Amino acid sequence: MARFYHLELQPDLFGGIRLVRSWGRIGGSGEVRQSWFPSLLEAEGARGGWLRRKLARGYMTD
């Protein structure tokens, strides 16, 4: 089954950063979860953790 996992950092209106994670089957609507962080450094750390976990499970980067 072909699946995707997408990680994106976005600024929010209050000066923080949000990590948007989306995943699902390719061609489907998928799922979305958001996490808010007060600084870019914390958000990048969380993104790096998710990236390591997904690469360990066989996902590939583009």
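1. Tyr 5 and Trp 23 are both buried in this predicted model. For Tyr 5 the relative accessible area is 18%. That value falls under the 20% limit, so Tyr 5 counts as buried.

2. A search of the whole structure returns two aromatic pairs. One of them joins Tyr 5 to Trp 23. This pair is stacked, with 5.7 Å from centre to centre and 15° between the planes. It links distant parts of the chain: Tyr 5 belongs to strand β1, Trp 23 to strand β2, and 18 residues separate them.

3. Tyr 5 also pairs with Tyr 59. Here the ring centres are 5.9 Å apart and the planes meet at 65°, so the geometry is edge-to-face. The link again spans distant parts of the chain, 54 residues apart, from Tyr 5 in strand β1 to Tyr 59 in the segment after α1. Tyr 59 has 25% relative accessibility and therefore counts as partly exposed. Through these ring pairs, Tyr 5, Trp 23 and Tyr 59 form a cluster.

4. Now the strands. β1 covers residues 3–11 and pairs with β2 in the antiparallel sense, over nine bridges. Leu 9 has Leu 19 of β2 as its bridge partner. Arg 3 has Arg 25 of β2. Five residues lie between the strands of this hairpin, and Gly 15 takes a positive phi near 90°.

5. On to β3, residues 31–37. Strands β2 and β3 run antiparallel and are joined by seven bridges. Trp 23, the stacking partner of Tyr 5, stands opposite Glu 31 in β3. β2 and β3 also form a hairpin, with five residues between them. In its turn, Gly 27 has a positive phi of about 95°.

6. How many of the nine residues of strand β2 are buried? Seven are, so this strand (residues 17–25) is largely enclosed by the rest of the structure. β2 pairs with β1 and with β3.

7. The largest nonpolar core has eight residues. Its members are Tyr 5, Leu 7, Ile 17, Leu 19, Trp 23, Phe 37, Ala 43 and Ala 46. At least two residues come from each of β1, β2 and α1 (40–56). β2 gives the largest share, three residues. In soluble globular proteins, nonpolar side chains tend to be buried together. Both residues of the stacked pair, Tyr 5 and Trp 23, belong to this core.

8. Setting aside neighbours within four places in sequence, Leu 7 is in contact with Leu 19, Val 20, Arg 21, Arg 47, Trp 50 and Leu 51.

9. Which residues lie over the face of Trp 50? Arg 21 does, at 3.9 Å from the ring centre. Arg 53 does too, at 4.3 Å from the ring centre. Arg 21 and Trp 50 are both among the contacts of Leu 7.

Key. Residues are numbered from 1 along each chain as its sequence is written. This is a predicted model: local features need pLDDT of at least 70, side-chain atom pairs count only at pLDDT 80 or more; totals for chains, interfaces and linings use all residues. Side-chain values use heavy atoms; hydrogens and water are left out. Buried means under 20% relative accessible area, exposed over 50%, partly exposed in between (1.4 Å probe, protein chains only). Helices (H or I, at least four residues) and strands (E, at least two) are DSSP runs, numbered from the N terminus. Two strands pair if DSSP finds at least two bridges between them. A nonpolar core is a set of buried Ala, Val, Leu, Ile, Met, Phe, Trp, Tyr and Cys residues joined through side-chain atoms within 4.5 Å. Contact means heavy atoms within 4.5 Å. Rings of Phe, Tyr and Trp (its six-membered ring) pair if their centres lie within 6.5 Å; planes under 30 degrees apart count as stacked, over 60 as edge-to-face and the rest as tilted. A charge sits over a ring if NZ of Lys or CZ of Arg is within 6 Å of the ring centre and within 35 degrees of the ring normal.
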